[in-house]
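Please read this briefing beside the sequence and the 3D view. The points are grouped by topic.

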Amino acid sequence: MKICLVSLPIRKETVSHPNIGLLFLSRALRNTSHSVSWVDLVRHAVSPKKATEIILKQKPDVIGISGMIVSYYYLEPLVKELKARSTTPVVVGGNIAATAVDIIEKHTEVNFCLIGEAERTFPKLLEQLKKSPNSRDFKKIPGLYWRNKKKLFVKSPRRDVPPDIDAFGFPDYDSIDMKHYISSYSKNYRNFFEMLTNRPGKTCRAFPILTSRGCPFNCSFCFRLIRNVRYHSVEYTLEHIKFLNRRHGINLISIPDELMVANKKFALKLLNAIAKENLGVSFITGGARTDIIDKELLEAFKLANFIMICYGVESGSQKMLDIMNKKIKVEDNLRAITMTLESGIGVFFNLVMGMPGEDETSIRETENFLAKVHNFGFDLRFFTPYLAVPFPETELYNCAVKKGLIPDKHKYLLRLEGQQQYPVNLSAFKTRDEFLERINTMKRKIKFMNKSKKTIVDFKKLIKKAKLW
Ligand code: B12
Ligand code: SF4
């Protein structure tokens, strides 16, 4: 069958991030003799009407749509246009399906939602559709929602969690315009690369790969499709890196795993293997737990050529970390950041401001935390202060609903954009505006701190005086 894979747009996203989930699906579909075409609406920011023309021009047998919940505003008009002009079955998967299947059922004519990792289940669905397109016998496909005669969704009994993720092969890079994605993705990292690799003049060619899937933690603001943690084997990851380096000249790999460093033993095994191979590639991690960071791990990171570690710091207030269910101590965060900088590796971290209970005291505690890491030499441009956004299927969302802040999920999703906005006031400040005003003050303070101290940013100096090496 001919499948058109569609990646929904993300408002105001200027950099094309390849959709890794769809790349894996594309591989699975081609392995099962289907042909695949791509319409990446992050790259081609067009109206739903225009997108429909592009999709239908490919004459697909099935349309597979993927996206994050923040793209719901686009899914609804897109499916309306598609259904007005064709009868081609539409399957929606990914995070958007997992968190809005109830809304998709009521407000769109999407034929199927497929929840969970779909490398095995999507080909099964296609097989079923090929055999008998009108069949209602979809029960054997885990995680599937399909319509009954009353056009209501019926769901199959269980989800499928594939244990061996190496078996999926590498993402299907041959089906996309790698030149475009490498060039666009590298824009994210050009500055870091120049600053941290000591390779002036060397062009940054960056690309993301996953070394694991899942996360064992349960932070209250975070949505996760699958909780089970599964790792790619060290051999798979080494081959993957070598492939991208040799075939596409990639010299910087970022790892957007949910939590790359949750297990010290596994992390050491991978890092030591990378170091041994001497690949000539630099790395940036996704999430790393600060409570397991120690000298041994940092040494391994350094030898494996990691130039930046990203920590999910989230707050400088212990009260807020506990409310988020981070299961981490402020001191661990502080210790990990300073030790990492001391070892000559760059640090990047995120904050989540405005969770329930956020008040003047907790913001001050976070400001003090920032002042401490700044005094140590951390460049305050290397962190992102996100504002808490309740995404469906999270504890934070349930809390917002309980407080009566989200009376209508459909209306809420239509205006959820995922940018630096604060859709509902969860903080202890009386109003949203009062809270946002306080955050603006915090941002002004940070700007002032960064300007007032000339010694910051000097990673090169830090690298030179690195204690460990
Ligand atoms: C890379 C990434 C991004 C990239 C781009 C994502 C992209 N185009 O793919 C960038 C950096 C742009 C990004 C941005 C944001 N992100 Co993001 N991101 C991720 C991250 C870290 C990895 C995604 C990934 O590759 N997963 C691995 C693959 C294998 O899994 P997958 O994508 O789910 O795909 C599988 C299944 O879902 C399914 N599937 C997927 N698509 C389809 C389609 C069909 C038809 C079918 C049948 C099946 C199917 O099969 C796939 C293979 O198994 C995830 C966390 C995570 N690890 O999942 C967060 C995550 C997706 N992001 C999230 C969020 C909230 C955001 C932001 C809104 C954050 C913010 N507050 O700013 C922004 C959006 C910015 C904006 N301007 O609006 C949430 C989404 C929550 C939700 N309910 O949608 C996640 C889950 C993080 C989290 N735990 O909260 N993100
Ligand atoms: S925020 Fe990070 S550590 Fe917490 S549950 Fe999500 S992925 Fe796991």
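This is a predicted model: local features need pLDDT of at least 70, side-chain atom pairs count only at pLDDT 80 or more; totals for chains, interfaces and linings use all residues.

Residues are numbered from 1 along each chain as its sequence is written, while chains are lettered from A and ligands numbered from 1 in the order in which they are written.

**Domains**

- The protein chain is assigned domain 1 (2–155) and domain 2 (177–465); such bounds come from an automatic or database domain assignment.
- Between the C-alpha centres of domain 1 and domain 2 there are 30 Å.
- Domain 1 and domain 2 each put 22 residues into their contact, where two residues are in contact if their C-beta atoms, placed from the backbone, lie within 7 Å.
- On the side of domain 1 that touches domain 2, the elements giving two or more residues are α3 (72–85) and α4 (94–107). Helices (H or I, at least four residues) and strands (E, at least two) are DSSP runs, numbered from the N terminus.
- The most residues on that side of domain 1 come from α4, which gives 6.
- By class, that side of domain 1 holds 12 nonpolar, 6 polar and 4 charged residues. Ala, Val, Leu, Ile, Met, Phe, Trp, Tyr, Cys and Pro count as nonpolar, Asp, Glu, Lys and Arg as charged, and the others, Gly among them, as polar.

**Helices α8 and α9**

- The axes of α8 (residues 234–248) and α9 (residues 264–277) come within 10 Å and cross at roughly 40 degrees. Axes are lines fitted to C-alpha atoms, for helices over the stretch in contact, and angles run from 0 to 180 degrees between N-to-C directions.
- α8 and α9 are therefore oblique to each other; angles under 35 degrees count as roughly parallel, over 145 as roughly antiparallel, 65 to 115 as roughly perpendicular and the rest as oblique.
- Val234, Thr237 and Leu238 of α8 touch Lys269, Leu270, Ala273, Ile274 and Glu277 of α9.

**Helices α12 and α13**

- α12 (residues 330–342) and α13 (residues 360–376) have axes that come within 10 Å and cross at roughly 20 degrees, which makes α12 roughly parallel to α13.
- The contact of α12 with α13 has 7 nonpolar, 1 polar and 1 charged residues.

**Ligand 2**

- Residues around ligand 2 include Cys215, Cys219, Cys222 and Glu258; a residue is near a molecule if its C-beta atom, placed from the backbone, lies within 6 Å of it.
- The shell around ligand 2 has 5 nonpolar, 3 polar and 1 charged residues.
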